[in-house]
Amino acid sequence: MPRNCIRETSPKENEIFLWKMDPPNKERRSPENGPSSARPCCSSLKMFLVALSFAYFAKALSGSYMKSTITQLERRFDIPSYLIGVIDGSFEIGNLLVIAFVSYFGAKLHRPKIIAIGCLLMSLGTFLIALPHFIIGRYKFETSIRSSVNSSSNLSPCPVSSGVPATAPSTTAGPSSGCEHESRLSMWIYVFLGNILRGIGETPVQPLGISYIDDHALEENAAFYIGCVQTISVIGPVFGYLLGSVCAKIYVDIGFVNMESISITPGDARWVGAWWLGYLIAGFITLLSAVPFWFLPKSLPLPERRLAKYSPEQTSFIKDSPLLEHKYQADEPTNFLEMAKDFLPTLRSLLGNPVYFLYLCVTIIQFNSLIGMVTYKPKYIEQHYGQSASKANFLMGVINIPAVALGMFSGGVIMKKFKLSIMGAAKFALGTSLLGYFLSLFFFAMGCENASVAGITRSYNGTESLYKEDKYLLASCNAICDCPRTNWDPVCGENGLTYISPCLAGCRTSHGSGMDTVFEQCSCVAVGNHTASAGQCNNRDSCHRVFPYFLALSVITSFIISLGGTPGYMLLIRCIRPQLKSLALGFHTLTTRTLAGIPAPIYFGAIIDTTCLKWGHKKCGGRGACRIYNTTAYRIAYLGLTLGLRTASFFLCFLGLVVLRRHIQRQERNTLANGGTGAVAGELQALRKEENNSCNSEQCPRTADYDPERETRL
């Protein structure tokens, strides 16, 4: 039956009501003795904050480590970038399978224990990713000559027609063993499945953890607490990328091969680091993060300062209002059948909120840009600026990620210090995003020339630009050599030009072994002693000059854009009704990961693949990983796609700002029209009207008189 008036209550009756609202803590709050200290509540909340921060750290560490190993996985499993995008997106597929139900049903169950189960699944998935290393054979990189460690002389790099058998063992006979077994089952499938399991396990951490904090923290501290947790989640990638940097320096089969026989360095396009080692470490850390949640309660008593904010009239209304009953009675028994029946109407009510819907559309587009950019940024640094995978990961960890963490933390502090309203938070987030966008346009000016590779980017005389493959690999200087065109075994000539292999450089003899191999009598090297050394030439001086400016601008833009992260996240939380908080967070995560997290790495990788100039080849046939890219085309495709998506999102941002302003103005007019002289009166009138509507129509979701500012305060 609708309640059309607010019952007057005495202070004594209010105290009895507050005591009844916290049955698990009767010994600490009684009508006779009055309220006791809320220190145990605060202590439990702080314990939950520490546990959730560690879980955020663990999941962020393993997630960033996955992104730091994309080039290692490409080379180890000989797969193109778009397939790496499929593997990376499999994490979001795992989220997609369960996140809507975990967010909705999990909010009504024991949230800390559900988070603990998720951490266990994440750990298991991380261990599964490392499994292929222990069941696959030793890594064999492609090379055109057979190295002899115990001898100072090697086979001729340039066989004539009658000498084809001399090179056959190193290029065809050896790798062909075990091809049938490998063709039946690709080892990257284990990485794919492990990442799906990681995604399933990560599902409850964010929506249930954030809603738990917002339900039990003081209102003025909620934004600060969430900002702290989000900051820890950004510190995790610092250690993830640093771990990736350390593991990328270690050879994949360390301890099982003689390192003196390895003729490649970490800067070589064929190098594969100990990618599996980091996954074992990350899995163990994630396993530890599950432990604290088993000892945390299902719900906490409401902080007394939060209850003290309500007047006697408000207290009586809260007692009688079913709207806020869910907020403060987390321990009430639940019926799964009733919850399931209420799911679709509740979701319809959520999507009927225009502010939430526009926010959802904006973040989907911006997350496409962000995820694609972050996934391939280490690879962009490697390919465009000629850095090793280890150095690229190190720079991401110690320079770029800390700037993001500082920006997110500063955004939470600014919101707390200036007490930004929901409109202020929206304007602040939009302003920082626009400023970061305009600064990012300068990345286009920080170009770098292509590496000089004979037959691909330069002609053999070093004067003409080509950007072609295969057609120009043969020249008069190497015509007498029967050279395989598929091998990538680069050597650097004395003329500063890189050749795809010693054979294509026309080299007749060689001496030394491993990285100390020197090739002589190279007919295509027309200067000096006609010699060439193993590895690519490192003579891109302009790249080294512009690279520090790229890093500096990257730090600045990352900090500015991340400033709006916490205010934007609080906008998401405050623009919906309290009882829809977990569902709103879960559905937001579901849609952004489905429409951004899954497709973005795939189409970013597919577009990057179009800029490849030289592909490697699998030992059993077929195209493998890319060895060298057209850096100009790579820059335009990577930056153009990233900034183009952000450009499109700003149109919806401005529309959402207009809708939010009109909605707030309409609610203010309604408050004045109803005769409210204060914020509390307006809130109570709006809540009573919403309650009456819900009582008149039990099947309809309560969406009338929706007020973001009211929901922020209550």
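A residue counts as buried when its relative accessible area is under 20%. By that cut-off, buried residues make up 56% of the 714 residues in this protein. The model is a predicted one.

**Overall make-up and confidence**

The protein has 27 helices and nine strands. Of the contacts with a separation of 6 or more, 80% are between residues 24 or more positions apart. The average pLDDT of the protein is 76, and 74% of the residues score at least 70. In residues 148-153 the pLDDT is below 50, and this stretch has nine contacts in the model beyond near neighbours in sequence. Residues 310-333 also have a pLDDT below 50, with 56 contacts beyond near neighbours in sequence.

**Two residues**

| Residue | Element | Relative accessible area |
|---|---|---|
| R627 | strand β9 (residues 623-629) | 5% |
| C361 | helix α18 (residues 354-385) | 23% |

Is R627 buried or exposed? The relative accessible area of R627 is 5%, which is under the 20% limit, so R627 is buried. The side chain of R627 reaches the backbone oxygen of A269 at a distance of 3.2 Å. A269 is also one of the residues that R627 touches when residues up to four places away in sequence are not counted. Others on that list are R75, D78, E142, R270, Q383 and W488, together with C612, K614, W615 and G616.

C361 falls in another class. Its relative accessible area of 23% lies between 20% and 50%, so C361 is partly exposed. How far apart are C361 and T591 in sequence and in space? They are 230 residues apart in sequence, and their C-alpha atoms are 9.2 Å apart in space.

**A pair of packed helices**

Two packed helices are described by the angle between their axes and by the distance between the axes. Helix α24 covers residues 599-609 and helix α25 covers residues 631-673. Their axes are 9 Å apart, and the helices pack at an angle of about 150°. An angle over 145 degrees counts as roughly antiparallel, so α24 and α25 are roughly antiparallel to each other. Their crossing is right-handed. On the α24 side, the contact is made by Y603, F604, I607 and I608. On the α25 side, the residues in the contact are Y634, A637, Y638, L641, T642 and L645.

Conventions: Residues numbered from 1 in each chain as written. Heavy atoms only, no water. pLDDT = per-residue confidence, 0-100. Contact = heavy atoms within 4.5 Å. Helix = DSSP H or I, 4+ residues; strand = E, 2+ residues; numbered from the N terminus. Buried < 20%, exposed > 50% of the residue type's maximum accessible area, 1.4 Å probe, protein only. Polar contact = N/O pair within 3.5 Å; in protein donor to acceptor, adjacent residues only side chain to side chain. Axes fitted to C-alpha atoms, helices over the stretch in contact; angles between N-to-C directions. Parallel < 35°, antiparallel > 145°, perpendicular 65-115°, else oblique. Left-handed = near helix turned anticlockwise from the far one by under 90°.
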